[in-house]
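Please look over the sequence and the structure below. A short report follows.

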Amino acid sequence: MRSSTYDKLEMVYRKFKGYIGTQELLKEGFSNRQIAVMAEEGHLEKVCHGYYWLAGKQEAKPSDYKCIEVCLSDPRAIVCMDSALYYQGMLKEEPEHLSVATARTDRSLLGMAFPITRHYFSTNHYLTGARKKKQNLAAIISMTLSGVSAMCFVWNRILIYRS
């Protein structure tokens, strides 16, 4: 690619923090082909369809990057159960899998670079105790402790976690 493309990319690094959508890159004057080449070269890291991490900026991802990336991939996904407890500071160790709740009818692909355990719930119980939290570019939806307890009660009738 031309050096002017890399100059534009440097301007994007200064203008945007962390995550950027394909639409923003197109508005900045990049073509789809240039975006693909920058991803192949490691300047951009593909998070999910339509979103990238500015990898060439050499900044660390936020501590809750898994939540952000799942919600970029499926805005209706809710971080739940042991993962919600971890991100609220109630568990000390991060679970191996990110627990995500979705409506039973939601069939969005969650092809992430980290393991996910997906739980399908009926529409009646799906949003029990949910609250929205704005952070970075994504709307992160997490469960309050009472919401986690309610969903676990519906599913297993008991909430068990180790501290």
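The model is predicted: local features need pLDDT of at least 70, side-chain atom pairs count only at pLDDT 80 or more, and totals for chains, interfaces and linings use all residues. Residues are numbered from 1 along each chain as its sequence is written, and side-chain values use heavy atoms, with hydrogens and water left out.

Strands (E, at least two residues) and helices (H or I, at least four) are DSSP runs, numbered from the N terminus. Two strands pair if DSSP finds at least two bridges between them. β5 and strand β6 (residues 116-121) run parallel, joined by six bridges. Strand β4 (residues 78-79) runs antiparallel to β5, with two bridges. There, Val-79 stands opposite Val-100.

## Is β5 buried or exposed?

Is strand β5 enclosed by the rest of the structure, or open? Six of the six residues of β5 (residues 98-103) are buried, so the strand is largely enclosed by the rest of the structure. Buried means under 20% relative accessible area, exposed over 50%, and partly exposed in between (1.4 Å probe, protein chains only).

Leu-98, Val-100 and Thr-102 point one way from β5. Ser-99, Ala-101 and Ala-103 point the other way. All of these are buried.

## Aromatic rings

Rings of Phe, Tyr and Trp (its six-membered ring) pair if their centres lie within 6.5 Å; planes under 30 degrees apart count as stacked, over 60 as edge-to-face and the rest as tilted. The count is three aromatic pairs. Tyr-19 and Trp-53 form one that is edge-to-face, 4.8 Å centre to centre with 65° between the planes. This pair links distant parts of the chain: Tyr-19 is in strand β1 (residues 19-21) and Trp-53 in strand β3 (residues 51-53), 34 residues apart. Tyr-19 is buried at 2% relative accessible area. Trp-53 is buried at 6%.

Tyr-86 and Tyr-87 have ring centres 5.1 Å apart and planes at 75°, so this pair is edge-to-face. Tyr-86 is partly exposed at 24% relative accessibility, and Tyr-87 is partly exposed at 26%.

## The whole chain

The protein chain has seven helices and eight strands. Of its 163 residues, 40% are buried. Contact means heavy atoms within 4.5 Å. Among contacts between residues at least 6 apart in sequence, 48% join residues at least 24 apart.
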